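Open the model in your viewer and keep the selection tool at hand. We will go from stop to stop, and at each one you get something to select.

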Amino acid sequence: MAQVDKTYDSLQKLVGDVCNKLKENTRTSHLQMRNSLRHVKTGLSNRLGKVTSHKHIVTRVTAVSTSPALIHMIQALTDRVNSLDLSTDLQGHVWVKPMSSVECYQEVVRRVEGDLLMLKQQKTDSELVAQPPVLVFHDNCGINIRLTNGNRTAEKIKLSTILDGGVVSRDPMLANVLYEVTVDAGTGRYNALFLGVTRISPACFTVTQWPIVVDDSVIVGPSLVSYQQKFVPTSLGEGLKKLKVGSRVGVLVTSSNDLHIYINGQDQGVVAMNVTQPWFAVFAIGSSYSKVTALPTSRNT
């Protein structure tokens with residue numbers, strides 16, 4: 001980890017040095033171009049003054065007389081005007097794209113930035129390995145939910161209401177990690193709980209009255225699976241209607257993008273395949289459940 005940090009800092013300093021050098025070279029090139037254009041403008045102004053002066057002389061002579069001598073003078077002045085060298089050297093090298101090495105600098109910057117991003121991802125992955133992810137609920141939840149315990153506990157406000165009890169994880173799930181909650185309270189009547197995953201960011205997740213019909217989500221109930229607003233009968237969730245206080249339920253997505261549900265630590269099987277990332281855990285506290293608490297996550301290799 002120390003080596004990664006050291007390499008990351010070194011590359012970051014290199015990017016800064018390259019950017020500063022590129023700015024300095026570009027500034028120098030622009031100054032050269034401005035000076036050259038200023039010189040050209042002065043030269044053209046001087047030539048314009050000469051042309052104007054000679055034109056006035058020719059006009060006045062023409063107006064005075066048409067004697068042979070004046071005609072000869074007019075012709076001489078006309079030839080002189082026509083012979084004026086109005087060309088100018090615009091210093092063509094200035095107009096060439098300044099600093100032909102700019103593309104080289106930009107390529108260096110792109111490569112270094114790519115390396116920095118890769119190192120940052122490696123550092124993040126290392127930190128995740130060192131520190132297991134946690135299940136914390138996002139502030140965006142159902143209107144009948146009160147979050148406590150650092151957003152790790154979700155409790156129904158109106159116990160008689162079975163709707164508006166959805167919660168979603170604050171952070172995206174990692175592959176092969178089990179995200180569980182434990183049932184803290186219930187009335188003992190019809191106890192059913194829905195759970196699953198969604199690809200929608202929790203800040204944008206629409207927590208409907210009954211969040212089992214949501215786009216880009218897979219929600220599992222006691223006898224069905226809801227995927228893309230379509231319902232498929234299944235027996236994998238039968239255990240969800242037999243939960244008691246102290247029961248545990250959770251979701252896990254494998255590195256092959258298969259969604260599993262767990263009841264009391266037991267894998268109930270694959271309920272959906274090809275569940276694309278990102279994944280956020282969803283739990284819907286319905287029926288007579290009134291309170292659940294997030295448990296520490298665990299890896300399943």
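Start with the open sheet of six strands, ordered β3-β12-β5-β6-β7-β8 and paired antiparallel. Strands are DSSP runs of E, at least two residues long, numbered from the N terminus. Two of them count as paired if DSSP finds at least two bridges between them. Strands of a sheet pair through backbone hydrogen bonds, either parallel or antiparallel.

Now select 166-168 and 230-233. These are β3 and β8, the edges of the sheet; each has a single partner strand, so one side of each has no neighbour in the sheet. Look along the sheet: from one strand to the next, the twist averages 20°. Axes here are lines fitted to C-alpha atoms, and angles run from 0 to 180 degrees between N-to-C directions.

This is a predicted model: local features need pLDDT of at least 70, side-chain atom pairs count only at pLDDT 80 or more, and totals for chains, interfaces and linings use all residues. Residues are numbered from 1 along each chain as its sequence is written, and side-chain values use heavy atoms, leaving out hydrogens and water.

Next, select 224-227. This is β7, joined to antiparallel β8 by four bridges. Which residue of β8 is the bridge partner of Leu224? Pick Pro233.

Move to the largest nonpolar core, which has 36 residues. A nonpolar core is a set of buried Ala, Val, Leu, Ile, Met, Phe, Trp, Tyr and Cys residues joined through side-chain atoms within 4.5 Å. Buried means under 20% relative accessible area, exposed over 50%, partly exposed in between (1.4 Å probe, protein chains only). Select Phe137, Val251, Leu259 and Phe283: they touch the most other members. Then show 177-186, strand β4, which gives the most to this core, with four residues.

A second, separate core has eight residues, including Phe194, Phe205, Val207 and Phe280. In soluble globular proteins, nonpolar side chains tend to be buried together.

Go back to β4 and select Val177. Is Val177 buried or exposed? Val177 is buried, with a relative accessible area of 0%. Beyond four places in sequence, its contacts (heavy atoms within 4.5 Å) include Pro133, Val251 and Arg299.

Last stop: Ser290, in strand β13 (residues 289-294). Ser290 is buried too, at 13% relative accessible area. Among its contacts beyond four places in sequence are Ala154, Leu159, Gly186 and Ile285.
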